[in-house]
Amino acid sequence: MQEHERYIRRCLELAQLGIGAVSPNPMVGALLVHQGRIIAENYHRKFGGPHAEVLVIEEVLEKFGDGAMAVFSESTMYVSLEPCAHYGKTPPCAKLLAEYRIRRVVIACRDPFDQVNGRGIQLLKDAGIEVIEGVLSQKALWLNRRFATRVQYQRPYIILKWAQTADGFMAPADGTQQWITGEMAKQLVHRWRSEEDAVLVGARTALADNPRLTVREWRGKNPLRILIDKDLAVTTEANIYDNDADTIVFNAAKSDWVGGVKYIAVEDMDWYLPQKIAYQLYLMDIQSLIVEGGRKTLDLFLNAGLWDEARVFTSSDAWGTGIEAPVMHVASASNQAVGPDRLTVYHRNNNSDG
């Protein structure tokens, strides 16, 4: 079993390389072991592109040519997630492994998607392939917590993020902008944005801070920008409306699509607004969301219990007065220094096995 764990750990490392590029698909890593040696490894690189197992098969075919079938018959495929069993953007990976007669397949965890869950494993077994499953399953499930949340709960994985002073304030009392954390924290936030599908703020934050909500301090894609602006108080000259990324505006006035801006009118925004937003984003294949709003916006999601992680920066400065930051009522999952600041991470269900 230790040998299986070693190779599955490598699959998980490979899978992680796909973060920010494969949504709404899961991140998957795979490798093939022949005679005690890894002869091919890869990961799902982008949505719509070939899956990890396909890339591994292709690499072996290229390396071994006519001898590839003999190699497959003596090899073990390790994969971080159950091979798919349905036709989507690509053909079923389980069917491909069966066709190439892989001797054995070791799987970290089952795919929670209804069209796959257990079916890929059964397809492999029906083809006479030995299947071992459940190797480091909790780590594999945690890696794909965004995907699992979307398919199981019909909403994005929601990450709350804010910065606060040492005495618990997140903004000046007059609502003006005042930076709390240092440059390293800013860079980390930009990295986070590159890893998630969307980032959300409320109208007050957009008016006070005029944020771009893009990736400038990190290499990667810009997230979809989401603005809650009931009365369309934020003018189209604001940075959130520039051409660097698309923007969705949840409001009470209009539904329209103008260039890269989509206005979505929400009926009765005073009731169940975070639930309505989360479900609308699910319908749009948005798998993960960072909420970077002010206190009012954060409270919407906190009070609804509609969050999965909270990432909180605390600086060493004290203001003595201001808008108080939310107080978390769950134990912290981790604490670490980020430059002069401290990052504390909370999980709503405290089920991390990372």
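Which residues does Asn42 touch, not counting residues up to four places away in sequence? Asn42 touches Leu14, Gly29, Ala30, Ala52, Leu55, Val56 and Glu59. Contact here means heavy atoms within 4.5 Å.

## Ground rules

This is a predicted model: local features need pLDDT of at least 70, side-chain atom pairs count only at pLDDT 80 or more, and totals for chains, interfaces and linings use all residues. Residues are numbered from 1 along each chain as its sequence is written, and side-chain values use heavy atoms, with hydrogens and water left out.

## Asn42 in its strand

Asn42 is found in strand S2 (residues 37–43). Helices (H or I, at least four residues) and strands (E, at least two) are DSSP runs, numbered from the N terminus. Asn42 has 11% relative accessibility, so it counts as buried. Buried means under 20% relative accessible area, exposed means over 50%, and partly exposed lies in between (1.4 Å probe, protein chains only).

The side chain of Asn42 also meets that of Arg45 in a polar contact of 2.9 Å. Such a contact is a pair of N or O atoms within 3.5 Å; within protein, one must be able to donate a hydrogen and the other to accept it, and residues adjacent in sequence count only if both atoms are side-chain atoms.

## Two nonpolar cores

In soluble globular proteins, nonpolar side chains tend to be buried together. A nonpolar core is a set of buried Ala, Val, Leu, Ile, Met, Phe, Trp, Tyr and Cys residues joined through side-chain atoms within 4.5 Å. The largest one here has 49 residues, and Met77 and Val105 touch the most other members. Not counting residues up to four places away in sequence, Met77 touches Ala30, Leu31, Leu32, Glu53, Val56, Ile57, Leu97, Ile102, Arg104, Val105 and Val106.

Leu281 lies in helix H10 (residues 273–283). Its relative accessible area is 0%, so Leu281 is buried. Beyond its neighbours within four places in sequence, Leu281 is in contact with Pro156, Ile226, Phe250, Ile286 and Leu289. Leu281 and Asp197 are 84 residues apart in sequence, yet 10.0 Å apart in space, C-alpha to C-alpha.

Helix H7 (residues 145–153) is largely enclosed by the rest of the structure, because seven of its nine residues are buried. They are Arg145, Arg146, Phe147, Ala148, Thr149, Arg150 and Val151. These buried residues pack against helix H6 (137–143), strand S6 (157–164), H10, strand S13 (288–291) and strand S14 (309–314). Just after H7, Gln154 takes a positive phi of about 55 degrees.

## Strands around S12

Strand S12 (residues 261–265) runs parallel to strand S10 (residues 247–251), joined by five bridges. Two strands pair if DSSP finds at least two bridges between them. Asn251 stands opposite Ala265 in S12.

Strand S11 (residues 256–258) pairs with S12 in the antiparallel sense, over three bridges. Here Trp257 stands opposite Lys262. S11 and S12 form a hairpin with two residues between them. In the turn, Gly259 has a positive phi of about 60 degrees.

## Aromatic rings

The whole structure holds five aromatic pairs. Rings of Phe, Tyr and Trp (its six-membered ring) pair if their centres lie within 6.5 Å; planes under 30 degrees apart count as stacked, over 60 as edge-to-face and the rest as tilted. Phe72 and Tyr100 have ring centres 5.3 Å apart and planes at 65 degrees, so the pair is edge-to-face. Phe72 lies in helix H3 (residues 68–73) and Tyr100 in the loop between helix H4 (93–99) and strand S4 (104–107), so the pair ties together parts 28 residues apart in sequence. Phe72 counts as buried, at 0% relative accessibility.

Charges meet rings too. The charged end of Arg6 sits over the ring of Tyr7, 4.6 Å from its centre. That of Arg311 sits over the ring of Trp192, 4.7 Å from its centre. The term requires NZ of Lys or CZ of Arg within 6 Å of the ring centre and within 35 degrees of the ring normal.

## Backbone in the loops

The peptide bond from Ser23 to Pro24 is cis, with omega near 10 degrees. Pro24 is found in the loop between helix H1 (2–16) and strand S1 (29–34).

Leu232 is not a glycine, although its phi is positive, about 55 degrees. Leu232 is found in the loop between strand S9 (224–228) and S10, and is partly exposed at 27%. Asp268 also has a positive phi, near 55 degrees. Asp268 lies in the loop between S12 and H10, and counts as partly exposed at 42% relative accessibility.
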